[in-house]
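Here's a quick tour for anyone meeting this structure for the first time. Have a look at it, then read on.

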Amino acid sequence: MKVLVPVKRVIDYNVKVRVKADGTGVDLANVKMSMNPFDEIAVEQAIRLKEAGQAEEIVAVSIGVKQAQETLRTALAMGADRAILVVASDDVHKDIEPLAVAKILKAIVDEEQPGLVLCGKQAIDNDMNATGQMLSALMGWSQATFASEIAIEGDKAKVTREVDGGLQTIEVTMPTVVTVDLRLNEPRYASLPNIMKAKKKPLDEKTAEDYGVDVSNRLEIVKTVEPAERAAGIKVGSVDELVAKLKEVGAV
Amino acid sequence: MAVLLIAEISDGELSMDATAKAVAAAKALGDVTVLAAGSSAAAAGEAASKIDGVSKVLVAEDPMLGHRLAEATAALIVSLAGDYEHIVAPATTDAKNVMPRVAALLDVMVISDASGVVDADTFERPIYAGNAVQTVKSNDAKKVITFRTSTFDAAGEGGSASVETISAAENPGLSTWVEDKVAESDRPELTSAGVVVSGGRGVGSEEDFALIEKLADKLGAAVGASRAAVDSGYAPNDWQVGQTGKVVAPDLYVAVGISGAIQHLAGMKDSKIIVAINKDEESPIFQVADYGLVADLFDAVPELIEKL
Ligand SMILES: Cc1cc2nc3c(=O)[nH]c(=O)nc-3n(C[C@H](O)[C@H](O)[C@H](O)COP(=O)(O)OP(=O)(O)OC[C@H]3O[C@@H](n4cnc5c(N)ncnc54)[C@H](O)[C@@H]3O)c2cc1C
């Protein structure tokens, strides 16, 4: 079985984001970018499936700006076999919407015929939580979102999902799209030799036009603002003082 | 204009809080029809018909809609979509599972986790873990939206909408339910509780997390946790508060042994009053706390329980 893993280049989760003064978005020029943390979990899971003999080949795909090839190199260094970069913009500030990403992924899935697509459950930049579900819809496949456990048995996958009430286990027909949650695994770091080897692994470069997908936004960005700041609070010196304050404002 | 609102139902029971909050958000968009779908959904539909602002309820009962599997539920919603400009739901994990699928089937973008309604096409939503708020205007003919419940007040009760029974769409038969692992609890629900007490890595173990629960019970609160506490096995996944867990905005949020990473703040910084107990006075949690107590939680929490 071939496993396809879409990976997104996003602002590093440790970076303090700044809204651009013109309100068009968040400043992404000259800030540290990394692989979306959920996508690292997806790559890791694909590698574990391969190590367990359940997958033969791992193809990483990234859709965005040319610089996303660094993200793909990271996936290759972790253990993906080859990569496809789809250049869909030359502006680092343009976020390709999940619907357009899903359409490009569909075209790639049609070509590559993977048995499983492993996506991160959400990108930590636009926080949409949508691409995997949209790809599944366009393929007419099953979907299993927010996975914390995946077991593949023949043409079925048994997936445990993190849901509001706790955990839900479902069984889906393969091929399928699974989106992964935080507790699925702990991604490995790429070793230096593997980073060197990754430079020689194949990386195909395509464009959105190659797949005939229009990547213009459906959601027009009207403005982007900083959230309202909380007024500074106070430090209390003791539990007694804390209780007194809470009583004073009627919180307890 | 007409709105189809997907009611939040689990095991046949309406989640009144989440559904009524979504109704409050949706009322501004037009006439609200609620869809109650599930293997048993009639009682939930009946309950939803009493929410103020609901003009009609559609009840679809079918075993294949049980546990709200995405493929069958999305197929049903898409089969009804022709009559509505807006298809909306509270941003629960069920809706986050189903609604993007619905949107893609309708060839429209989904608007996830909307925190504000500007007009029928324009919505606000937090991005980057709530570090920015974006206003987006949809150019799609239909809008598929999930509403962040913590930012809307629930619509009241007192309505009397008509209830109609409809049939499910064809079963795509792509998935089946195996089991749920849901912990029963007498505590209030995390996302609707007036008081939330959360514990972090600083609590140190599953056993000691009982201290957090004890404080919560003293306050009649729901229990929350940081990702680190969940990852370490001190607390179950459904207690996680944050960017990728639950978003809460109670009257009082007590953070114990939590450092205040942006991903955690994303889930609680709209709380009315925030109390932080942390032994490290440099912890970022103190920047959002109204009342910060620099102390060892193992001294402060038992004392607090005693003195409340
Ligand atoms: C993609 C992604 C998504 C994430 N999503 C979330 C999310 O939804 N929710 C979330 O919470 N996090 C999330 N995180 C994780 C987040 O970045 C932090 O790692 C996490 O919130 C830290 O949890 P913590 O504060 O409990 O632990 P720590 O940061 O380790 O803090 C522990 C705190 O306890 C204090 N402490 C220790 N001992 C004591 C004591 N005896 N008495 C008093 N205080 C004590 C310490 O001073 C410290 O401040 C996410 C991260 C990523 C990358």
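## A patch on the surface

Is Met196(A) buried, partly exposed or exposed? With a relative accessible area of 44%, Met196(A) is partly exposed, because buried means under 20% relative accessible area, exposed means over 50%, and partly exposed is in between (1.4 Å probe, protein chains only). Met196(A) sits in helix α5 (residues 192-198) of chain A; helices here are DSSP runs of H or I with at least four residues, strands are E runs of at least two, and both are numbered from the N terminus.

Together with Leu192(A) and Ile195(A), Met196(A) makes a nonpolar surface patch of about 290 Å². Patch residues have over 30% relative accessible area and no salt bridge, with nonpolar side chains (Val, Leu, Ile, Met, Phe, Trp, Tyr) joined within 5 Å and like charges within 9 Å. A salt bridge is a side-chain nitrogen of Lys or Arg within 4 Å of a carboxyl oxygen of Asp or Glu, and areas come from the Shrake-Rupley method with a 1.4 Å probe, where only the protein chains shown count as cover for residues.

## How to read the model

This is a predicted model, where local features need pLDDT of at least 70 and side-chain atom pairs count only at pLDDT 80 or more, while totals for chains, interfaces and linings use all residues. Residues are numbered from 1 along each chain as its sequence is written, chains are lettered from A and ligands numbered from 1 in the order written, and side-chain values use heavy atoms, leaving out hydrogens and water.

## Chain A and Lys8(A)

Chain A has 6 helices and 13 strands, and 54% of its 252 residues count as buried. Lys8(A) lies in the loop between β1 (2-6) and β2 (9-11), and counts as buried at 18% relative accessibility. Its side chain makes a polar contact with that of Asp125(A), at 3.1 Å; such a contact is a pair of N or O atoms within 3.5 Å, and within protein one must be able to donate a hydrogen and the other to accept it, with sequence neighbours counting only if both atoms are side-chain atoms.

## The ligand site

A polar side-chain atom of Ser226(B) is 2.5 Å from a ligand oxygen, and a polar side-chain atom of Asp296(B) is 3.3 Å from a ligand nitrogen. Taken alone the ligand exposes 980 Å², and the protein buries 86% of that.
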